[in-house]
Every structure is written in structure tokens, then in C-alpha cells.
Amino acid sequence: MSPVPFGVGFAPNTPAPRVIEAARLAEQLGYDGFWLTDSHLAVREAMVTLGALAVSTSRIKLGTGVSHLAGRHPSVLASAMATLHELAPARIRLGIGVGDSGPINLGVPRTTLNDLESAVRSIRQLLRGEEVLGPTRSIRLNYVQKRDESPVPIYVAGTGQRALRMAGRVADAALVSAMPDALKASIDEVRQGEQDAGRPAGSTKILFWTTTAVDEDRDAARSAVRGSVARRAMNTFARAAREGSLEPAEAEAFERLQAAHKQGYLWDTGYTDLVPERWVDRFAVAGTPSEVRAKLEQAVRDGADEIAMILMSTSGSRGSADQLERFAATVMAPMRASAPSSH
């Protein structure tokens with residue numbers, strides 16, 4: 001088996017031409033995938049940008065990391081994927097989940113898991129050229145010929161048990177945004193979903209998705225991810241905090257973070273004193289090249305088939321280019337060189 005593929009997640013919060021530059025650089029550096037955030041009120045429109053990337057690159061795989069159903073009917077997503085496949089055959093993936101900033105910024109609820117599961121099934125049928133039942137009539141993509149398999153793999157994002165099991169039931173791959181230490185347990189949930197649906201074990205590929213920063217200056221790397229870690233902690237601990245089930249040390253740290261958030265703190269390195277060191281290790285992969293390699297090698301041993309990262313810059317002057325180059329040279333290349341030729 002070839003070495004594990006590496007992808008990079010990118011929030012297109014810069015002008016579209018710069019997103020194209022980043023994708024081209026990722027392709028030149030040997031990354032296997034380039035995933036775009038789909039949150040149209042916060043960043044550039046994902047499907048339009050993916051169309052530009054499809055004709056501006058030649059090898060790297062492209063996808064949404066991740067899309068959602070807020071403002072996008074399943075048939076709209078299916079049509080977008082079918083069109084992108086025409087522009088970049090065998091290079092398009094649909095990452096989809098219940099939604100985070102997309103529905104929140106629109107002021108609408110996140111999709112239920114039942115509706116998401118139904119949508120995944122419908123999108124796959126439409127991409128195979130089949131009819132699906134719409135609200136009042138059957139619908140299909142008129143320009144898609146019938147075929148046995150969808151040309152676009154569907155990656156379902158999830159962290160909780162129900163979402164992971166649903167991915168195991170219906171997805172081509174699970175986009176697992178798990179804490180590094182919890183990856184193996186998350187994969188077990190995906191496998192249980194496969195079993196529940198009567199699918200062979202391993203039918204659902206595992207993409208480990210995480211926030212990463214790598215630097216010889218360990219403190220700089222860990223500082224770079226603290227804003228992301230703060231957001232993740234706010235989401236992860238909120239329910240337990242309401243229920244009073246957080247451990248005392250975690251509850252105290254969470255309360256300080258929540259108080260700062262209510263005062264209008266920005267999600268930046270100003271949170272350094274509010275994010276305990278243990279949270280950085282729990283919610284991200286950040287540190288020196290050897291530390292980052294060790295954690296990602298463990299993720300592969302735990303069952304990850306792919307790895308994708310949102311790379312957080314430790315150098316303001318060069319932004320994403322700095323981390324793309326540094327990760328490729330100090331983590332990706334050594335891991336590929338040491339990977340066995342087969343499992």
C-alpha cells in the first residue's frame with residue numbers, strides 16, 4: 001500500500017486568485033488533496049472557487065471540507081459535483097456534514113443526522129444518473145448518464161457516536177475530526193455503523209482531520225493553534241459544563257475562556273493564557289517536526305487512511321505558504337520515506 005495521502009484544508013478568506021496560488025503550491029509540493037471550507041457568508045464561495053481550482057491544477061484532488069445543506073439542496077450539491085467532475089475527472093470529493101459556521105451565520109438550524117443521511121443517499125443516486133423522489137415529483141440530473149457507481153466519493157464529517165455510525169452506514173469515507181487520542185475509538189464507531197448496515201468492515205475509508213502547526217520553535221507552533229483550540233474547547237465542553245459534569249480543573253478553565261469570549265476577545269494568540277497546554281495536545285497536532293510526525297504516525301497506526309490538516313501559520317509574513325512548505329519538508333516527506341511499501 002502506498003504511503004498515506006496528505007491533504008490540506010483551506011478557508012478561502014483571501015482573494016480567489018490567492019486561493020488558486022495556494023492550491024498550485026500544494027500540488028507542486030506533493031500534497032494529495034486540497035479541501036475548501038464551505039461557509040459563503042464568511043469566506044469565498046466554495047463551488048465557484050473549486051471550479052477555478054479544477055482548471056488551474058492537474059493532479060491534486062479537490063473537495064469541500066465540508067459542505068452542508070443550509071442553502072444547498074441535495075440536487076444542487078449533486079449538480080455541482082457532477083459539473084466539477086467534468087472539469088477534473090476522478091479528482092473531486094464531496095465532504096459534507098451537519099454544518100457549523102455555514103448554518104450559524106445564516107441563522108438557521110444545523111441539519112439533522114437523519115436528513116443528512118437521506119441527502120447523502122440522494123446525492124449518490126443523482127450522481128449515478130438515477131431518479132430520486134423530490135418534495136412533489138421525481139427529479140434527476142438530465143445531463144448525467146446512468147452508471148453503476150458515482151464518480152465522486154462522499155466524505156461524511158462527524159465527531160459524535162451517531163454521526164460516526166451514520167458515516168459507516170452510508171459514506172465512502174468518514175471525515176473524522178476527532179481528538180488525536182480518541183481517533184481509534186471514533187473509527188470503532190464507524191466500523192459499528194458498517195456492521196449495522198451489513199457493509200464489509202473497511203468499506204468506509206478514514207480521513208483524520210485536524211488542526212496543525214509545525215515549527216522548530218515549539219512555542220510558536222503551539223501558539224499558532226490556540227485560537228482553533230479555544231473554539232474547539234468551547235464547542236466540546238459546552239454541554240458538559242451545562243450539566244455540571246466537567247472535572248473541576250476543566251470547568252475552571254472553561255469558565256475563564258467563556259468569560260473572555262463574552263467580553264469580545266478575538267480568536268487569536270491573545271488566548272494564550274486562557275488555553276491550557278493540555279488542551280493543545282487534546283485538540284490539535286502542534287509542535288516540532290518530530291513531535292508532529294510522531295502524532296500523525298500514531299494516527300496512521302490507529303487506522304487513518306488519509307490525513308488532512310488546517311495548517312496554522314507561525315509566520316505572518318508568508319502565511320499559508322510557509323506552513324505548506326515546512327510541513328511538506330519536515331513531516332510529509334520523512335513520513336513517506338519511512339512508510340512501508342505495503343501493509
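**Surface, core and backbone of a predicted chain**

Guide: The accessible surface of the chain comes to about 15,800 Å² (Shrake-Rupley method, 1.4 Å probe), and 49% of that surface belongs to carbon and sulfur atoms. The model is predicted, so local features need pLDDT of at least 70 and side-chain atom pairs pLDDT 80 or more, while totals for chains, interfaces and linings use all residues. Residues are numbered from 1 along each chain as its sequence is written, and side-chain values use heavy atoms, with hydrogens and water left out.

Visitor: Why does phenylalanine 327 count as buried?

Guide: Buried means under 20% relative accessible area, exposed over 50%, and partly exposed in between (1.4 Å probe, protein chains only). Phenylalanine 327 has 0% relative accessibility and therefore counts as buried. In the chain, 51% of the 343 residues count as buried. Phenylalanine 327 is located in helix H13 (residues 320–338).

Visitor: Which residues does phenylalanine 327 touch?

Guide: With contact meaning heavy atoms within 4.5 Å, and leaving aside residues up to four places away in sequence, its partners include Phe6, Tyr31, Val292 and Leu296. Phe6, Tyr31, Leu296 and Phe327 are also among the residues with the most contacts inside the largest nonpolar core, which has 74 residues. Such a core is a set of buried Ala, Val, Leu, Ile, Met, Phe, Trp, Tyr and Cys residues joined through side-chain atoms within 4.5 Å. Apart from it lies another core, of 24 residues, among them Ala213 and Phe237.

Visitor: Why is alanine 90 called exposed?

Guide: Alanine 90 has a relative accessible area of 54%, which is over 50%, so the residue is exposed. Alanine 90 belongs to the loop between H3 and strand S4 (92–96). Its phi is near 65°, a positive value in a residue other than glycine.

Visitor: Where is a cis peptide bond found?

Guide: A cis peptide bond joins glycine 65 and valine 66, with omega about 0°. Valine 66 lies in the loop between strand S3 (61–64) and helix H3 (74–87). Most peptide bonds are trans, and most residues other than glycine have a negative phi.

Terms used. Helices (H or I, at least four residues) and strands (E, at least two) are DSSP runs, numbered from the N terminus.
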